[in-house]
Amino acid sequence: MPELPEVETVVTELNAVTKGAKITSSETLTQKIRIPVPPELDLSLKNKVILHVTRRAKYILIHLDGDKILVIHLGMSGRIHIHEADKKTATQKHDHLILHLSNGKDVFFNDPRRFGLIELIDEEKINSHRLFSHLGPEPLSRNFSPSFLAGALKSRKGPVKVALMDQCLVVGVGNIYASEALFEAGIHPETSAQKLTIQKIEKLTAAIKAVLKSAIKAGGSTLKDYRKTNGDLGYFQHKFAVYDRAGKACRGCVCDIAKTGGVQKITQGGRSTFYCPRKQL
Ligand SMILES: [Zn+2]
């Protein structure tokens, strides 16, 4: 499932290719995804200029003239492909939307598992929209500070790993990066969120930002479904310290695998968590 760094990578690539271009036409190939694609989307998009592309949580926001935002969520398996229109790229199975741009590019949204989402929202209503109104701050923003996190965790009795993945607390810290950040900060994932000391919270805040920035720099992580818009792979998965490394040595750690048994794997909130039993106490 694409997480924040993967979506950020897609947004950067979309900006580079689509900013300033006009949508000369679009093709909604199916309306049947998790939330049905708005009817008459093609009519609404026709001749709209793409002003710029941003990200909020894991949503791609394509800002259009006329104060509209085309919102795309990649869901579990969604991908954005960008092709030259003159290559007559045939549509693939599971392509749901194609944008034909005035600069000769075609932008494809493909989603085999159909958990993705396409919405057209008025710019001024975006923050109060049901998709966005409950969301916590962006982890890479100044608002996400140790004092903010301390306040937000104070009332949380559950494990810190589960709290971090709650999008109402902070957005975009999914399963991979929650494990990686807790490792970086030396915090056991089962620690009660409200019992973390301010020193640990400071470390954790810094670790979340560092891990996400480093993953963005690497173009995201390629697991099962994620590809960059040109089909290339992100490569942050080669840098995971603990994620998906059960029984192996933790990267960049001084623990002795013969004594620890390597990275431990547990299940929390139905998701796998990976941690080092020596560094994360
Ligand atoms: Zn270790």
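Between which two strands is the loop that holds H94 found? H94 lies in the loop between β5 (79–84) and β6 (95–101), strands being DSSP runs (E, at least two residues) and helices likewise (H or I, at least four), numbered from the N terminus. This is a predicted model, in which local features need pLDDT of at least 70, side-chain atom pairs count only at pLDDT 80 or more, and totals for chains, interfaces and linings use all residues. Residues are numbered from 1 along each chain as its sequence is written, and side-chain values use heavy atoms, with hydrogens and water left out.

**View 1. Surroundings of H94.** H94 is partly exposed, at 26% relative accessible area (buried: under 20%; exposed: over 50%; partly exposed: in between; 1.4 Å probe, protein chains only). Beyond residues up to four places away in sequence, H94 touches F109, N110, D111 and P112 (contact: heavy atoms within 4.5 Å).

**View 2. Surroundings of R113.** The loop between β7 (105–110) and β8 (117–122) contains R113. R113 is partly exposed, with 46% relative accessibility. Apart from neighbours within four places in sequence, R113 contacts M76 and S77.

**View 3. The zinc site.** C250, C253, C255 and C276 coordinate the zinc ion through their SG atoms at 2.2 to 2.3 Å (donors: N, O and S atoms within 2.8 Å of the metal, or 3.2 Å for Na, K and Ca; water is not among the atoms, so sites may look incomplete). C253 is in the loop between α6 (198–217) and α7 (257–260), whereas C276 is in the segment after β10 (271–275), 23 residues apart. C276 is buried, with a relative accessible area of 0%.
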